[in-house]
Amino acid sequence: MSPLDSPALRAKKAGRRGDSRPGLRADLQLIADMIEPSSRVLDVGCGDGQLLHYLVEEKHVVGRGLELSQEGVNAMVSNGLSVVQGDADTDLIDFPDRAFDYVVLSQTLQATRDPRFVMEQLVRIGRRAIVSFPNFGYWRVRLRLLFGGRMPVTESLPDRWFETPNIHLCTLLDFLELCRACGISVERGLTLDKRGEAQSITGRPRANLLATDGLFVLSQG
């Protein structure tokens, strides 16, 4: 199964937290708020185009999606959105440098086959990349693994180990280490809790323990 056609991404389309705007998931709302009006945006693993639809309607961006599933592509096209059918692991290399102001990768990195390559492509293609992912260092995940002795199933990680598309789970600290190894600058880091509420990662030594998800704004170092 490809990373862009997975149960995790189907969950992305459906949403898994309460939203303060109708139809827009909490982390997608945060991403939308970070994007400047009239920007050029590429949404990698865009699903049915929920984020891009909002950005086009409300912020008048020039948006394009990259999506593998035919279902997602059809939904994008039916909503009048621009989409390319493709795989993040193989097709990002075809985009030219600085083709977009923002490249978004929401809840998809952990399902890619080569996260380092994907990250390097994101900051090459866009002036900024916005990446979100489930935090495997969250305290409930740790406790379930420690006391249950089994791979955890949580709201952020809803699939059992033999069904999950997630092949490169990481913690916030692991992600930051990857950024350093790739020479990627972290311009902003946010954590999300189980209610979808966001806090800055700066000055919070227990962020890796308390966050269900991480959301980062990145650029080429």
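**Helix 4 and its two sides**

I began with helix 4: the face turned away from its buried side carries the exposed residues Glu 71 and Ser 78. I count a residue as buried under 20% relative accessible area, exposed over 50%, and partly exposed in between, using a 1.4 Å probe and protein chains only. Helices (H or I, at least four residues) and strands (E, at least two) are DSSP runs, numbered from the N terminus.

This is a predicted model, where local features need pLDDT of at least 70 and side-chain atom pairs count only at pLDDT 80 or more, while totals for chains, interfaces and linings use all residues. Residues are numbered from 1 along each chain as its sequence is written, and side-chain values use heavy atoms, with hydrogens and water left out.

Which residues of helix 4 are buried? I found Gly 72, Val 73 and Met 76 buried in helix 4, which spans residues 70-78. They cover an arc of only 100° around the axis, so they sit on the same side of helix 4; the arc is that of the directions from the helix axis to the C-beta atoms. Just after helix 4, I noted Gly 80 with a positive phi of about 75°.

The eight strands form an open sheet with mixed pairing, in the order 3-2-1-4-5-8-6-7. Two strands pair if DSSP finds at least two bridges between them. Strand 3 (82-85) and strand 7 stand at the edges with a single partner strand each, so one side of each has no neighbour in the sheet. From one strand to the next, the twist averages 20°.

I then went through some pairs.

- Strand 1 and strand 4 run parallel, joined by four bridges, and Asp 43 stands opposite Val 104 in strand 4.
- Strand 6 (residues 184-192) and strand 8 (residues 213-220) run antiparallel, with eight bridges; Ser 185 has Ser 219 in strand 8 as its bridge partner.
- Strand 6 and strand 7 (residues 198-200) run antiparallel with three bridges, and Thr 191 stands opposite Gln 199 in strand 7.
- Strand 6 and strand 7 form a hairpin with five residues between them, and Gly 196 in the turn has a positive phi of about 85°.

**The cores**

Where do I find the nonpolar cores? A nonpolar core here is a set of buried Ala, Val, Leu, Ile, Met, Phe, Trp, Tyr and Cys residues joined through side-chain atoms within 4.5 Å. The largest has 29 residues, and those touching the most other members are Leu 42, Val 44, Leu 92, Leu 122, Val 131, Phe 175 and Leu 218. Elements that each supply at least two residues of this core include strand 1 (40-44), helix 6 (115-125) and helix 8 (172-182). Helix 6 gives the largest share, five residues. A second, separate core has 25 residues, including Ile 31, Val 41, Leu 52 and Tyr 54.

I followed up on Leu 92. Leaving aside neighbours within four places in sequence, Leu 92 is in contact (heavy atoms within 4.5 Å) with residues including Leu 42, Val 44, Leu 66, Val 118 and Leu 122.

I also checked how helix 6 is placed: helix 6 lies across strand 1, strand 4, strand 5, strand 6 and strand 8, running at about 145° to strand 5. Axes are lines fitted to C-alpha atoms, for helices over the stretch in contact, and angles run from 0 to 180 degrees between N-to-C directions.

**Whole chain**

Last entry: of the 221 residues, 53% count as buried.
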